[in-house]
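Subject: The structure for you to look at

Hi,

Here is the structure I promised to hand over. Have it open beside this email, and I will walk you through what I found.

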Amino acid sequence: LASTVPARHIQSVTASMYAHVGGSRVGPAGGRTPEVHSCTVSSAAGHIEGSGSRSPCLSLRGGAADAKSKTNPHVRAVRQGAIWTAKSVVAAFTGLLTTSSVMVAFEFTAHKLHPAAVAASQVPDTLAALVLVGAVTGSVLGSLVLSKLAPSHPTVLAVLVAVVFTAAQYLNLQVVEHPPWFNVAGMAAFLPPYVATSLLARGGAAK
């Protein structure tokens, strides 16, 4: 039809059902008259109307709806990519926020236990140890939340978030003097927990 009928014209299609009794009706002389079904196809609007209890227009109507519902593959790919990106950003941000919240809670507790260390230029060992525990705990929880929310590749997102925290930790060590052991342990408090937790979470989800 598309090659012979212009898009703005309306074509009337007539279909007759001869094959079975259900598609015919009894005439005055006892014979069976074929039941005529008419379909009106509007090519411009993509609308199909028909008459008859077993109208073949129903199948035409369904085919037109299926053809209309099909989306351009490129548009569908762009839409899926945008959804994946949005979900990944939300997962990474949620993991970062979770880790930061846990670290702030531990640091607040440490400052309450050692109020004099806030004004001191050097962090004592006990305070540094509590901060380290908060960093590791926050990394595990943040990576767990990230892995649950990530649409795919949670380990890649975990590495990116851990790198951000490691960079921030490096800057912190340059500003505030910490115990020598914390300079090493503090730099390793994010990447290993994030990666290990994401791998474990992904393995559990696969099962």
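Let's start with alanine 201: leaving aside its neighbours within four places in sequence, alanine 201 is in contact with Leu144 and Ser147, where contact means heavy atoms within 4.5 Å. Before we go on, please keep in mind that this is a predicted model, in which local features need pLDDT of at least 70 and side-chain atom pairs count only at pLDDT 80 or more, while totals for chains, interfaces and linings use all residues. Residues are numbered from 1 along each chain as its sequence is written, and side-chain values use heavy atoms, with hydrogens and water left out.

Back to alanine 201, which sits in helix H7. Helices (H or I, at least four residues) and strands (E, at least two) are DSSP runs, numbered from the N terminus. Is alanine 201 buried or exposed? Its relative accessible area is 13%, so alanine 201 is buried. For these words, buried means under 20% relative accessible area, exposed means over 50%, and partly exposed lies in between (1.4 Å probe, protein chains only). Alanine 201 is 58 residues away from serine 143 in sequence, yet their C-alpha atoms are 8.7 Å apart in space.

With neighbours within four places in sequence set aside, leucine 144 touches Thr197 and Ala201.

Now the whole chain. The protein chain has seven helices and four strands, and read along the sequence they follow the pattern β-β-β-β-α-α-α-α-α-α-α. Of its 207 residues, 27% are buried. Among contacts between residues at least 6 apart in sequence, 58% join residues at least 24 apart.

Next, how the helices pack. Two packed helices are described by the angle between their axes and the distance between the axes. Here the axes are lines fitted to C-alpha atoms, for helices over the stretch in contact, and angles run from 0 to 180 degrees between N-to-C directions. Helix H2 (residues 73–113) and H4 have axes that come within 8 Å and cross at roughly 160°, which makes H2 roughly antiparallel to H4. Angles under 35 degrees count as roughly parallel, over 145 as roughly antiparallel, 65 to 115 as roughly perpendicular, and the rest as oblique. The H2 and H4 crossing is right-handed; a crossing is left-handed if the near helix is turned anticlockwise from the far one by less than a right angle, and right-handed if clockwise. The residues of this contact of H2 with H4 comprise 16 nonpolar, 11 polar and two charged. For that tally, Ala, Val, Leu, Ile, Met, Phe, Trp, Tyr, Cys and Pro are nonpolar, Asp, Glu, Lys and Arg are charged, and the others, Gly among them, are polar.

Helix H4 (residues 125–149) also packs against H5, at an angle of about 140° and with the axes 9 Å apart, so H4 and H5 are oblique to each other. H4 passes H5 in a right-handed crossing. Which residues of H4 and H5 make the contact? From H4 come Ser143, Leu146 and Ser147, and from H5 come Pro154, Leu157, Ala158 and Val161. They divide into five nonpolar, two polar and no charged.

In the loop between H4 and H5 you will find histidine 153, which is exposed at 51% relative accessibility. Its phi is near 50°, a positive value in a residue other than glycine. Most residues other than glycine have a negative phi.

Last, the aromatic rings. A search of the whole structure finds three aromatic pairs. Rings of Phe, Tyr and Trp (its six-membered ring) pair if their centres lie within 6.5 Å; planes under 30 degrees apart are stacked, over 60 edge-to-face, and the rest tilted. Phenylalanine 165 and phenylalanine 190 form a stacked pair, 5.3 Å centre to centre with 15° between the planes. This pair links distant parts of the chain, 25 residues apart: phenylalanine 165 is in helix H5 (residues 154–175), and phenylalanine 190 is in the loop between helix H6 (180–185) and helix H7 (191–206). Phenylalanine 165 is buried at 9% relative accessible area, and phenylalanine 190 is buried at 1%. Tryptophan 181 and phenylalanine 182 have ring centres 5.8 Å apart and planes at 80°, so that pair is edge-to-face. Ring pairs also link Phe165, Phe190 and Tyr194 into a cluster.

Happy exploring!
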